[in-house]
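Work through the two exercises below with the sequence and the 3D view open beside you, and try each task before reading its solution.

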Amino acid sequence: MAMTLTLSDSAAQGTQDAPRRRPAPVGAHVAIKGLSHAYRRHDGKVLDGIDFEIKAGEVVALLGRSGCGKSTLLHMLSGLTHPSEGEVVINGNTIREPSPKWVMMFQAPSLFPWMTVAQNAALGLKFTRRNDQIAKRIPEILDLVDLGAFADRNAQELSGGQQQRVALARSLAPKPEMLLLDEPFSALDAFTRRNLQRDVRQIARDLGLTLVLVTHDVGEAVRMADRVIVLKANPGRVFEDTVITLSEEERSGGSDEFQAEHSRLMNIYSQAADAPGEATETTNDFTQI
C-alpha cells in the first residue's frame, strides 16, 4: 500500500536502516505423488514409492550415492522423463513435457565455443521466441552472475567456473520458476565450487526461485539446501527428509555449527548407504576451509 503521510526525519532514517526484505517467492510448488519408475520391467524399479512436496522458493537437495535414482528423479521434475507410476505435479498441473518455466543445469556447461558469452546466454530466449527481450535481459542477467565485463568474450576463452556461470545465465534468462541442478559443480576445483554454491543459492533466494539440487557431496547439501532428502538405493526411495537450519553466515563452513550439521547429515547419509562411517564420496569436501 502506498504511504500518503510524510515521514519524519527519524522515521525515514529507520526505514533506510531496515534490512532488505526477500521478495515473495515466485518459484514453483512441486508435489511428487506415488512416483515409481523402471526403465525395463525385468530389471526392477529404479525408484519406488517417492512422495514429498517442495514449497515455492525452497532450496532442496537430493542426496544419495551413485545409482540411487536421484538424477532420474530430477529428470522427471523437468519433464524429460515420465514415471512408470505416480506423477509430478507443479503448480497444480501434472507434468507431461519440459517447459521453460523449469530449467536444468547439467554437469557440463554445453556452450557453443564459437559464440560470445552474451550469445550463449541468450539461447534460452531465442529458443522460446523472445528475441525482443535479449537486448535488455542479457546485460541484466550477466551482471547478476558477475560476467557483465565478459559479454563479448568468446566462450572458449573462459575458465570452467566462468563457463558454468554462462550456463547459469542461460538458464535464468527466460525467468524460470524452478532451477534444477544435476551436479553442475562436480568438475570444478574446490574454491570455484564453493563460490558457485554460495552465489547460486543467493541468486535463487533473491529471485524467489525454487531450486532442486542433485548431489552426493554432504558439504554441498549443507551449504546450499533448506531441506535435504536422503535417498536409499536398490530401489531408490526416501530414507529421510531433514531440514538444514543454519544461517547464511554459518553455511560458509568452518564454524562449529556447520561441522555439527555436516556430521549429523553425514551420519544419515552413511545409514542410507548401509556403510556406517564411510566417507569415500566426500573426502574432498574441504569442510574445514
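**Exercise 1.** Find which residues of helix α6 meet which residues of helix α7, taking contact as heavy atoms within 4.5 Å, and then describe how the axes of the two helices lie.

*Solution.* Start with the contact: in this predicted model, Gly161, Gln164, Arg165, Leu168 and Leu172 of α6 meet Thr192, Asn195, Leu196, Asp199, Val200, Ile203 and Leu207 of α7. Sorted by class, the contact holds 6 nonpolar, 4 polar and 2 charged residues. Next, take the axes of α6 (residues 160–172) and α7 (residues 190–207), which come within 11 Å and cross at roughly 15°. The helices are therefore roughly parallel to each other, a term for angles under 35 degrees.

The residues are numbered from 1 along each chain as its sequence is written. Local features need pLDDT of at least 70, side-chain atom pairs count only at pLDDT 80 or more, totals for chains, interfaces and linings use all residues, and side-chain values use heavy atoms, with hydrogens and water left out.

**Exercise 2.** Is strand β7 (residues 178–182) buried or exposed, and which strands pair with it?

*Solution.* Begin with burial, where buried means under 20% relative accessible area (1.4 Å probe, protein chains only): Met178, Leu180 and Asp182 on one side of β7, and Leu179 and Leu181 on the other, are all buried. Since 5 of the 5 residues are buried, β7 is largely enclosed by the rest of the structure. Then turn to pairing, which requires at least two bridges found by DSSP: strand β6 (residues 102–105) pairs with β7 in the parallel sense over 4 bridges, with Val103 partnered by Leu179. Finally, 5 bridges join β7 to the parallel strand β8 (residues 210–215), where Leu211 is the bridge partner of Leu179.

Methods: Axes are lines fitted to C-alpha atoms, for helices over the stretch in contact, and angles run from 0 to 180 degrees between N-to-C directions. Angles under 35 degrees count as roughly parallel, over 145 as roughly antiparallel, 65 to 115 as roughly perpendicular and the rest as oblique. Ala, Val, Leu, Ile, Met, Phe, Trp, Tyr, Cys and Pro count as nonpolar, Asp, Glu, Lys and Arg as charged, and the others, Gly among them, as polar. Buried means under 20% relative accessible area, exposed over 50%, partly exposed in between (1.4 Å probe, protein chains only).
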